[in-house]
Amino acid sequence: MESLFLSKLVLPFFSTMGAALIIMYINSVNRRVKETKQKIYAATYILDSSMRMLSSEFILLIHTIKPHIEASYRIVKGDQKLLETMLLIDEFDILTVAGPDFSHIPNEFTLQLGYDNLELVQMYDTLLYLYRSDSTRKSLNDFVKDKLKSMDGFLQKSEPEKLDILNTYIDYLDRLQHEANRLIFMVSHNVLPSLEDYLKSYKFWFYSTSHANKTIKMIKDIMRNNVAYMPESDFMERVRHGGIQREIKKS
């Protein structure tokens, strides 16, 4: 009877339990593999987007903002020929087209990355906000349309009025330069080192991170090739303690 009991009930029960446990284990491993790959994808996507934003900001800063600041200062100092040339070819009207946009990471991938490191997700959201913020660009476009579109209208103004318009134009460019530096600083001092450290974790040792590593190298190459235009390491510290705060401390 005991032998029959074992063969009919106990052994099938343990066999079924064993098979169920094996299936649960396999499902658990598959789920962990899937979640890990999603984390790698999310981290790689952030790196890739950061690289493209960084490249875009350097191009904007080097080839548009800085040259226009220098040209505007020359005009303020009395370069009438440059002024007439810029008015004639409508050179004051810049950044009329918004930059490329970047899609959000799929929610499921963001959740997996957030479970591991919520700061990385928040960092990327902040980076997207900084990149997409275009209030200064729109204000500059409206100002140029109102004050610097008509060559005859501008040249007929009094000298103090011209200087006031040009100085306001320079103020807008300075704000754009500050915003570009802020984004460059965030990528180079926050996003890049944080993601580089994250991807070095032991949990990714047995997974391919070659695309992410390649993108990290590309970001570093962009920074190295544009080192003359990189904001200084104390940039954010000066921003935090500059402006009205600095004046209040003086008094």
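This is a predicted model: local features need pLDDT of at least 70, side-chain atom pairs count only at pLDDT 80 or more; totals for chains, interfaces and linings use all residues.
**Leu195**

Setting aside residues up to four places away in sequence, I found Leu195 touching Ala43, Ile46, Leu47 and Leu120. Leu195 sits in helix 7. Is Leu195 buried or exposed? I read a relative accessible area of 1%, under the 20% limit, so Leu195 is buried. I then checked the spacing to one of its partners. Leu195 and Leu47 are 148 residues apart along the chain, yet their C-alpha atoms are separated by 7.5 Å.

**Whole chain**

I stepped back to the fold. I counted ten helices and zero strands in the protein chain. Read along the sequence, the pattern is α-α-α-α-α-α-α-α-α-α. The protein chain has 251 residues, and 37% of them count as buried. I also looked at contact range. Of the contacts between residues at least 6 apart in sequence, 84% join residues at least 24 apart.

**Cores**

Next I looked up the nonpolar cores. How many residues does the largest nonpolar core have? I got 41. The residues with the most contacts inside this core are Leu47, Met53, Leu54, Tyr124, Leu127, Leu199 and Ile219. Which elements give two or more residues to this core? I listed helix 1 (2-76), helix 3, helix 4 (118-132), helix 7 (159-199) and helix 8 (210-225). Helix 1 gives the most, with twelve residues. I noted a second, separate core of 22 residues, which includes Ile65, Leu95, Phe154 and Ile165.

I picked Tyr124 from the largest core. Not counting residues up to four places away in sequence, Tyr124 touches Tyr45, Ile46, Ser49, Met53, Phe102, Ser103 and Ile105. Tyr124 also belongs to a ring cluster, where ring pairs link it with Tyr41, Tyr45 and Phe109.

**Aromatic pairs**

I searched the whole structure for aromatic pairs and found eight. I took Phe92 and Tyr169 next. Their ring centres are 5.1 Å apart and their planes stand at 85°, so I logged the pair as edge-to-face. Which parts of the chain does this pair link? Phe92 is in the loop between helix 2 and helix 3, while Tyr169 is in helix 7, 77 residues apart. I found both Phe92 and Tyr169 buried.

Then I checked Tyr198 and Phe204. Their ring centres lie 5.2 Å apart, with the planes at 65°. Why is this pair edge-to-face? The angle is over 60 degrees, so the pair falls in that class. Tyr198 and Phe204 are both buried.

**Helix 7**

I turned to the geometry of helix 7. Helix 7 has 41 residues. From its first C-alpha to its last, helix 7 reaches 58 Å, close to the 60 Å expected at 1.5 Å a residue. Where is the kink in helix 7 centred? I placed the kink on Val187, with an angle of about 35°.

Ser188 was my next stop, also in helix 7. At a relative accessible area of 10%, Ser188 is buried. I looked at what the Ser188 side chain reaches. The backbone oxygen of Phe185 is at 3.2 Å. The side chain of Ser188 also makes a polar contact with the side chain of His189, at 2.9 Å. Which residues does Ser188 contact beyond its neighbours within four places in sequence? I recorded Pro193, Met223 and Met230.

**Thr209**

I moved past helix 7. Thr209 lies in the loop between helix 7 and helix 8. Thr209 is buried, with a relative accessible area of 13%. Leaving aside its neighbours within four places in sequence, I found Thr209 in contact with Ile40, Leu199 and Phe204. Two of these partners had come up already: Leu199 among the most-contacted residues of the largest core, and Phe204 in the pair with Tyr198.

**Asp90**

Last, I checked a backbone angle. Asp90 has a positive phi of about 60°, although it is not a glycine. Where does Asp90 lie? I found Asp90 in the loop between helix 2 (80-88) and helix 3 (107-116). I read 28% relative accessibility for Asp90, so Asp90 counts as partly exposed.

Key. Residues are numbered from 1 along each chain as its sequence is written. Side-chain values use heavy atoms; hydrogens and water are left out. Helices (H or I, at least four residues) and strands (E, at least two) are DSSP runs, numbered from the N terminus. Buried means under 20% relative accessible area, exposed over 50%, partly exposed in between (1.4 Å probe, protein chains only). A nonpolar core is a set of buried Ala, Val, Leu, Ile, Met, Phe, Trp, Tyr and Cys residues joined through side-chain atoms within 4.5 Å. Contact means heavy atoms within 4.5 Å. The expected span of a helix is 1.5 Å times one less than its number of residues. The bend at a residue is the angle between axes fitted to the seven residues ending there and the seven starting there. A polar contact is a pair of N or O atoms within 3.5 Å; within protein, one must be able to donate a hydrogen and the other to accept it, and residues adjacent in sequence count only if both atoms are side-chain atoms. Rings of Phe, Tyr and Trp (its six-membered ring) pair if their centres lie within 6.5 Å; planes under 30 degrees apart count as stacked, over 60 as edge-to-face and the rest as tilted.
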